[in-house]
Amino acid sequence: MDTAANIERALLGQLRAGHSAETSPLIARVLRNNQILLHNFRAASIKDCRCTLEGCDNGFSVLLIPNQTLYPKFCAAHRSEYRREFHKERLASAAIA
Ligand SMILES: [Zn+2]
């Protein structure tokens, strides 16, 4: 079984049941590193996004895929936890200096 597809299915079930990040631990966990884009595209299409990391305003595009709702919410430079921590530390030390 495809784990990503299972998460998508569980997530959609929770969203349809009216849950949000406040009431669903699954949605809260998923939203930490992803964004949920509900769309009805039946063919793959490109959407322009902005990195949601504080202090970064990089644009990036995601490929919307039919029946997929989970997409990255950070730009390519900040996809990994390590890179985001590094960015935050630099931001913090710049604020002090
Ligand atoms: Zn970024």
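This is a predicted model: local features need pLDDT of at least 70, side-chain atom pairs count only at pLDDT 80 or more; totals for chains, interfaces and linings use all residues.
**Exercise 1.** Describe how helix α1 (residues 3-16) and helix α2 (residues 25-33) pack.

*Solution.* First, take the geometry: the two helices meet at an angle of about 120°, and their axes are 9 Å apart. Next, classify the angle. The range from 65 to 115 degrees counts as roughly perpendicular, and angles over 145 as roughly antiparallel. The orientation of α1 and α2 is therefore oblique. The crossing in which α1 passes α2 is left-handed. Finally, identify the residues: α1 contributes Ala10, Leu11 and Gln14, while α2 contributes Leu26, Ile27 and Val30. Sorted by class, this contact comprises 5 nonpolar residues, 1 polar residue and no charged residues.

**Exercise 2.** Summarise the overall architecture of the protein chain.

*Solution.* Start with the inventory, which is 3 helices and 4 strands. Read from the N terminus, their order is α-α-β-β-β-β-α. Then consider the extent: the C-alpha atoms fill a box of roughly 50 × 30 × 25 Å along the principal axes. Of the 97 residues, 6% count as buried. Lastly, among contacts with a separation of 6 or more, 38% involve residues 24 or more positions apart.

Conventions:
Residues are numbered from 1 along each chain as its sequence is written. Axes are lines fitted to C-alpha atoms, for helices over the stretch in contact, and angles run from 0 to 180 degrees between N-to-C directions. Angles under 35 degrees count as roughly parallel, over 145 as roughly antiparallel, 65 to 115 as roughly perpendicular and the rest as oblique. A crossing is left-handed if the near helix is turned anticlockwise from the far one by less than a right angle, and right-handed if clockwise. Two residues are in contact if their C-beta atoms, placed from the backbone, lie within 7 Å. Ala, Val, Leu, Ile, Met, Phe, Trp, Tyr, Cys and Pro count as nonpolar, Asp, Glu, Lys and Arg as charged, and the others, Gly among them, as polar. A residue is buried if 20 or more other C-beta atoms lie within 10 Å of its own, exposed if 12 or fewer, and partly exposed in between; C-beta atoms are placed from the backbone.
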